[in-house]
Amino acid sequence: MSGQNFSHSSFVFRGFPELQKHRWLLALLFSASYLLVLLGNSLVVYVIRSVASLHSPMYLLVCLLCVVDVLVATAIIPNMLLGFLFDWDHISLAGCLTQMFFTHFLSSVESTLLLAMALDRYVAICKPLRYTEIIDSSMLAKLLLFTLLRSISIMATLVGLAGSLRFCGSNVIRHCYCDHMALVSLACSSTCRNSAAGLAVIICFVGVDIPLIFFSYMKIIGVVLRAAAGEDRRKAFHTCGTHLMVMMCFYLVGSVTFLSHNLNIPIPTDANSVMGVMYILLPATVNPIIYGVRTKEIRNGFLRILNLRAKTILSVKVSPAGKPQT
C-alpha cells in the first residue's frame, strides 16, 4: 500500500517516557487517586440522595458535578493503569476517538456545571427574594438541555474533524490518553481546521464561562461585604477564594494543554501528561471536599446518616427487653 493512502488504525501511548522505570509507582499513585475520586464523589452523591432536605437545585448541581467527575476519571484512569501494569498501551483509532469524545465532553459539562453553580449562588445571595421564582425545576431542565446541546455539538465536531485526518507517520501518542491535539499532531494532512476548532473550544468555554463565574463571585463578595462583618466576612472570602482557585486551576491547566500544540509551545511529554491527568483528577479529587465536607448542610446530612446507622446497629445488638442477646 502506498504512503499516499496509508493511515494508521491503531496507536500506542507513551505518556511518561522518562518515568517508565517507575511505572509501578505511577500505577500506585493513580490507583490511590482514582479510589479517592470514587469514594469521595460517591459519598457526596449518596448523602444528597438520602437526605430529603438536600433535594434543592444547588445540591442537585453538586450531585451532577460528582457524577461527572467519576465518569471523566473512569474514561481515562483504568486504561492508564492497564498500560502501566500490563503494557496494554495500544488503542484503535475508533477507541481513541471515543475516549477523546467522552473525556472532552464530560470536561465541558463540568465547566457548564461550575458556571451554573456560580450563577445559582449569585441568585441565592444577591436576589434572595426571587430565588424560588428564578431557580426552579423548569430552569434546571433548560440548563441541562443547554449543557448537553452545547457540549455534544462542539465536541462531536472536534472529534469528527480529528477522525477525518490521515495518520501516515508515527503512531505513538505522546500522552497517556487520547487528548485531541496529541492525536492531531500525528496527522500528515492539514490540521488548520483542527487547530481552529481547538481554539474555538477555548473561546467558547474558557472565554465565556470564566468571566461569568468571576462576575458572579465578585457580586457575591460585594453583597457579603455590605451585609456581613468579622468572622462571616472571613468565611465568605475563604469560601469564594477556594472555589475560584480550584476553578482557575481547572481552566488554566485545560487551556495550556489545549493551546500548547496550537501555539507550538515546547512542553516535555512527561510534563504535558501530568498536566493532562491533573486537569481531570484535581477537580475530581477536591470537589467532594470543597462542595461536600466544607458545606455545612451536606456535612450535617452525613452525620445524620451515621447516627441513624449507629442506632440501627445498636438496636439489632440489643434485645427488646434491653438486655444483650446471648
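Author: Aspartate 89 and arginine 14 join their side chains in a salt bridge, 2.9 Å from N to O. A salt bridge here is a side-chain nitrogen of Lys or Arg within 4 Å of a carboxyl oxygen of Asp or Glu. Side chains of opposite charge can pair when their charged atoms come close. The model is predicted: local features need pLDDT of at least 70, side-chain atom pairs count only at pLDDT 80 or more, and totals for chains, interfaces and linings use all residues. Residues are numbered from 1 along each chain as its sequence is written, and side-chain values use heavy atoms, leaving out hydrogens and water.

Where do the partners sit? Aspartate 89 is in the loop between helix H2 (57-86) and strand E2 (90-92). Arginine 14 is in the loop between strand E1 (10-13) and helix H1 (23-50), so the pair ties together parts 75 residues apart in sequence. Helices (H or I, at least four residues) and strands (E, at least two) are DSSP runs, numbered from the N terminus.

Now the surface. Aspartate 89 is buried, at 12% relative accessible area. Arginine 14 is partly exposed, at 33%. Buried means under 20% relative accessible area, exposed over 50%, and partly exposed in between (1.4 Å probe, protein chains only).

The whole structure holds five salt bridges. Among them, arginine 121 pairs with aspartate 120 at 2.8 Å, N to O. Aspartate 120 is buried at 2%, while arginine 121 is partly exposed at 27%. Another joins arginine 130 and glutamate 133 at 3.5 Å, N to O. Arginine 130 is partly exposed at 42%, and glutamate 133 is exposed at 53%.
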